[in-house]
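The following paragraphs lead the reader through a protein model, sheet by sheet and then loop by loop. Please keep the sequence and the three-dimensional view at hand while reading.

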Amino acid sequence: MSNFLPLFEAIESSIQRDDFVKITLSKPLSKRNELVNVYIRYIVLKDKPHLSFTYRYKTNDQVKNYTIAETQEIISEMLLNAFRFATLFTLEEDLQIFVSKKKVISFKKQYPSFKNKPPEIHNQPKERKVTKSDYLKHLGVSDKDGNIIHKMADKFRQINKYLEIIDDLVSNANLPKTVHIVDMGSGKGYLTFALYDFLKNKKDLDIEITGIELRPKLVNYCNDIAKRCGFEKLNFECKSIEDYNDKRIDILIALHACDTATDDAIYKGIHSKAEIIVTAPCCHKQIRQQLKGATPENPILKYGIFKERQYEMLTDTMRALLLEKENYQTKIFEFVSNEHTRKNVMLVGKKSIKKTDTNLIDSKIKKLKNDFGFTEHYLEKLIKN
């Protein structure tokens, strides 16, 4: 414990100065370690100072609170046996601690990263949206005891993030009593099952979900699991997105529908006046075919890796603009970290009652076409027809 004395002295001094921000422990000794990192913050419990530890595991967060005196032994133990790196953030300075493989400890002071302190109140970590359910076992996400299988930890995290997004959208949407949801390109159904379980059993909503998938084996597989789980209003149909013609869609979902299949799905949502449209595009061939390559005005297209990213940004920006023109408020954001998948962009549209300035949107679309040399976006063509 004495080896880390400068750290503990700095912690006590920062608490006395009232400028303690937080401590982070990172860089686990083993990549197989279920504990990814630890966040420590100052809180007041029952009028007494404590440090609150948030242990971030691959599949869940756990919070434990300790008195200031108790934390010295705990931090020392973790830095010697679990993590290589720690940082104490205060308003005066940052103190970095590095522990080498040979247990040599070094300290380094940096300029402060923060100008303000977080509130000194006790709160719980973000609630997990996914509950233990049989569908997780049938899909191979958890074992027979309900524990998440190690190699499926990223998928489990993705499901939770997805449900957080949907929960926020649904909570603020003007939806009918019975909500009709269509998941176009549902695949193996990880997110489709999770959505049904969450909205039906946790949010207690009256919902009907239809998964649209071209591969018969997956359709039969998912329908069988839905039946075994007692998910009576969840069914899967074997057909293309283009062939789905049910006019009633309140929430349209299309995650990783390839290339223009995303546009077909968005158009189905627009045509049905869906309240919410959620997409995660995965490839962008249609715009690519129209761009001729590098120009003196736009040398970015000379480089392959930038060219591919440019296709993606152009395609999804056009989708967002066309949705806005149809009176949808749009957002484009990172769904999950690049660390887990490159297919990590989500485009969301939510029906708005505000009047749209179509002339302004048309001018933006025209400028994009002029700047990058393409004539028409596939979704644009669908809407016109």
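In which sense do β13 and strand β14 pair, and over how many bridges? The model is a predicted one, and in it β13 and β14, the latter formed by residues 345-351, run antiparallel to each other and are joined over seven bridges. One point of reference along this pair is Tyr328, which stands opposite Lys351 in β14.

These two strands belong to an open sheet of seven strands, arranged in the order β10-β9-β8-β11-β12-β14-β13. The pairing within this sheet is mixed. Its edges are formed by β10 (234-238) and β13 (328-334), each of which pairs on one side only. From one strand to the next, the twist averages 15 degrees. Helix α6, comprising residues 216-229, packs on this sheet and touches β9 (206-213) as well as β10. The direction of α6 makes about 165 degrees with that of β10.

A further open sheet of seven strands has the order β4-β3-β2-β1-β5-β6-β7, and here the pairing is antiparallel. The edge positions are held by β4 (61-67) and β7 (105-110), and each pairs on one side only. In this sheet the twist from one strand to the next averages 20 degrees. Within the sheet, strand β1 (residues 20-28) and strand β2 (residues 35-45) pair in the antiparallel sense over three bridges. Leu25 has Val38 in β2 as its bridge partner.

Which helix packs on this sheet and touches β1, β2, β5, β6 and β7? That helix is α1, residues 5-17, whose direction makes about 25 degrees with that of β5 (83-90). Helix α2 (residues 68-81) also belongs in this picture: α2 lies across β1, β2, β3, β4, β5 and β6. Relative to β3 (48-57), α2 runs at about 25 degrees.

Most residues other than glycine have a negative phi. Against that background, several other positions deserve attention. Asp18, a residue other than glycine, has a positive phi near 65 degrees, and Asp18 is located in the loop between α1 and β1. Is Asp18 buried or partly exposed? With a relative accessible area of 46%, Asp18 is partly exposed. Asp204 is likewise not a glycine, yet its phi is positive, at about 55 degrees. Asp204 is found in the loop between α5 (190-202) and β9. Asp204 counts as exposed because its relative accessibility is 68%, and the cut-off for that class is over 50%.

How many of the 11 residues of α7 are buried? Eight of them are, so that the helix is mostly covered. The buried residues of α7 include Thr262, Asp263, Asp264, Ala265 and Ile266, and Lys268, Gly269 and Ile270 are buried as well. After α7 comes Lys273, whose phi is positive, near 55 degrees.

Note on methods
Residues are numbered from 1 along each chain as its sequence is written. This is a predicted model: local features need pLDDT of at least 70, side-chain atom pairs count only at pLDDT 80 or more; totals for chains, interfaces and linings use all residues. Side-chain values use heavy atoms; hydrogens and water are left out. Two strands pair if DSSP finds at least two bridges between them. Helices (H or I, at least four residues) and strands (E, at least two) are DSSP runs, numbered from the N terminus. Axes are lines fitted to C-alpha atoms, for helices over the stretch in contact, and angles run from 0 to 180 degrees between N-to-C directions. Contact means heavy atoms within 4.5 Å. Buried means under 20% relative accessible area, exposed over 50%, partly exposed in between (1.4 Å probe, protein chains only).
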